Amino acid sequence: MKVAFIGLGAMGYPMARHLAKEHDVLVWNRTRETAERHSREHGTKLANDLADCANAEVIITILPTSKEVDEIVDQLEPHLQRGTLWIDATSGDPNVSKVTSQRLESKGVQFVDAPVTGAVVGAENATLTIMMGGTAENVERAKEVLKHNGKTLIHVGPVGSGHAIKVLTNTIMGATVWITSECMLLAKQYGIDMKTALEVTNAGSGRSNASENLLPMRLRDGKWPLVFKLLHHDKDIRIAASLAHQQHASTPMLALTQHLFSGALHQLGDDADYIEVAKIIARMNGTTWD
Ligand code: NDP
């Protein structure tokens, strides 16, 4: 199948690599050198310009937000062919996706929102969980392509529902990272060493992905790699807050989580990793994790 892949960032780069094992993959990236490198390393075809992507049977985007996806749709719209399937793997805004889907529909192009979870390691190992919004027929078509990127592919509901559940699960993760970091800091200040505090937490009812996988390397071992930008995580939580607003919902925990993450982003900057919010918690208490 001819697949055009747009956005070779931390997630897109390895995802396009896996697809190239089975499909005829054309790559386009804003910074062209990255696409050139991908083509060299993984035998993908280099798009001469963005319009080349319109000739593919399937177009995949994975960009920071729905805004950048919209800009790409604007540029590709005059060139699009009827029957093309557009899969947006960005963690996007469901309200924007619905509008995008309608725009594309008028051109005979079908749309599926298919955000992913499992981090860069999941993209590298093709073990992502992929949640999809669209018609049953379009989702079946999308699965045929995305099965090379993920182990668990779930049809969530109509267009937008993939994006909706993605931001909601990331909000759960954000709140869990924050509260677990707070409690680990209290344990540390009480004099309990971090190894023991995490060991007990992970053997008991407080355990989570945060306590088992995300925090030990940072809080215990002092390693703070950049694996997922706080900028993107904050965006996800803000979209979740906008869904709550739209539903007139009472969600104080979600609202607080959004304020905490947006505040942390202002302090840490766009290039910080999302788990660095733990540094803000330490700073709020006049200490560090060292
Ligand atoms: P990166 O920041 O690593 O990559 C972003 C990609 O988008 C790059 O290819 C970048 O191009 C491109 N891009 C940025 N701005 C524009 C623009 N204006 N026009 C065209 N292309 C643009 O992001 P990730 O790969 O980490 O994340 C992508 C999406 O996946 C986000 O929505 C994120 O929330 C989601 N996600 C990320 C995970 C992670 O662990 N990283 C996990 C799950 C989901 P260039 O190379 O030129 O900068």
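Begin the tour at the largest cavity of this predicted model, where about 30 Å³ of space lies, a volume being the space filled by probe spheres set on grid points that are joined across faces, edges and corners. A cavity here is a set of points, on a 1 Å grid over the protein atoms alone, where a 1.4 Å probe fits but cannot get out, and its lining residues have an atom within 4 Å of a point. By this rule there is one cavity of 30 Å³ or more.

Before selecting anything, note that residues are numbered from 1 along each chain as its sequence is written, and that side-chain values use heavy atoms, with hydrogens and water left out. Because the model is predicted, local features need pLDDT of at least 70 and side-chain atom pairs count only at pLDDT 80 or more, while totals for chains, interfaces and linings use all residues.

**The cavity lining**

Select Ser66, Val69, Asp70, Asp88, Val96, Ser97, Thr100 and Phe111, which line the largest cavity. Three of these residues are nonpolar, three polar and two charged, where Ala, Val, Leu, Ile, Met, Phe, Trp, Tyr, Cys and Pro count as nonpolar, Asp, Glu, Lys and Arg as charged, and the others, Gly among them, as polar. Helix H3 (66–76) and helix H4 (94–105) each supply at least two residues of this lining; helices (H or I, at least four residues) and strands (E, at least two) are DSSP runs, numbered from the N terminus.

**The whole protein**

Now zoom out to the protein, whose secondary structure comes to twelve helices and nine strands. Its radius of gyration, taken over C-alpha atoms, is 20 Å, close to the 19 Å that the globule rule gives for 290 residues, so the protein is as compact as a globular protein of that length; the rule is 2.2 Å times the number of residues to the power 0.38. Along the principal axes, the C-alpha trace spans about 65 × 45 × 30 Å. Buried residues make up 50% of the 290 residues, with buried meaning under 20% relative accessible area, exposed over 50% and partly exposed in between (1.4 Å probe, protein chains only).

**Two nonpolar cores**

In soluble globular proteins, nonpolar side chains tend to be buried together. A nonpolar core is a set of buried Ala, Val, Leu, Ile, Met, Phe, Trp, Tyr and Cys residues joined through side-chain atoms within 4.5 Å. Select Phe5, Met15, Ile60, Met132 and Leu146, which touch the most other members among the 29 residues of the largest nonpolar core. Elements giving two or more residues to this core include strand S1 (2–6), helix H1 (12–20), strand S4 (58–61) and helix H6 (136–146).

Which residues does Ile60 touch, not counting residues up to four places away in sequence? Ile60 touches Val3, Ala4, Phe5, Ile6, Leu19, Ile87, Val145 and Leu146 on that count, a contact meaning heavy atoms within 4.5 Å.

After H12 comes Gly286, with a positive phi near 65 degrees.

The second largest pocket holds about 170 Å³ of space, a pocket being an open set of points with protein on both sides within 12 Å along at least five of seven lines. Its lining includes Arg218, Trp224, Ala282, Arg283 and Trp289, and by class it has four nonpolar, three polar and five charged residues.

Next select Met194, in helix H8 (residues 194–202), which is buried, with a relative accessible area of 10%. The C-alpha atoms of Met194 and Arg220 are separated by 5.6 Å, although these residues are 26 apart along the chain.

Move to Gln258 in helix H11, which counts as buried at 17% relative accessibility. Leaving out residues up to four places away in sequence, Gln258 touches Asp234, Ile237, Arg238 and Ala241.

Finish with His248, in the loop between helix H10 (230–246) and helix H11 (252–268). Is His248 buried or exposed? His248 counts as exposed, at 73% relative accessibility, and has a positive phi of about 55 degrees although it is not a glycine.
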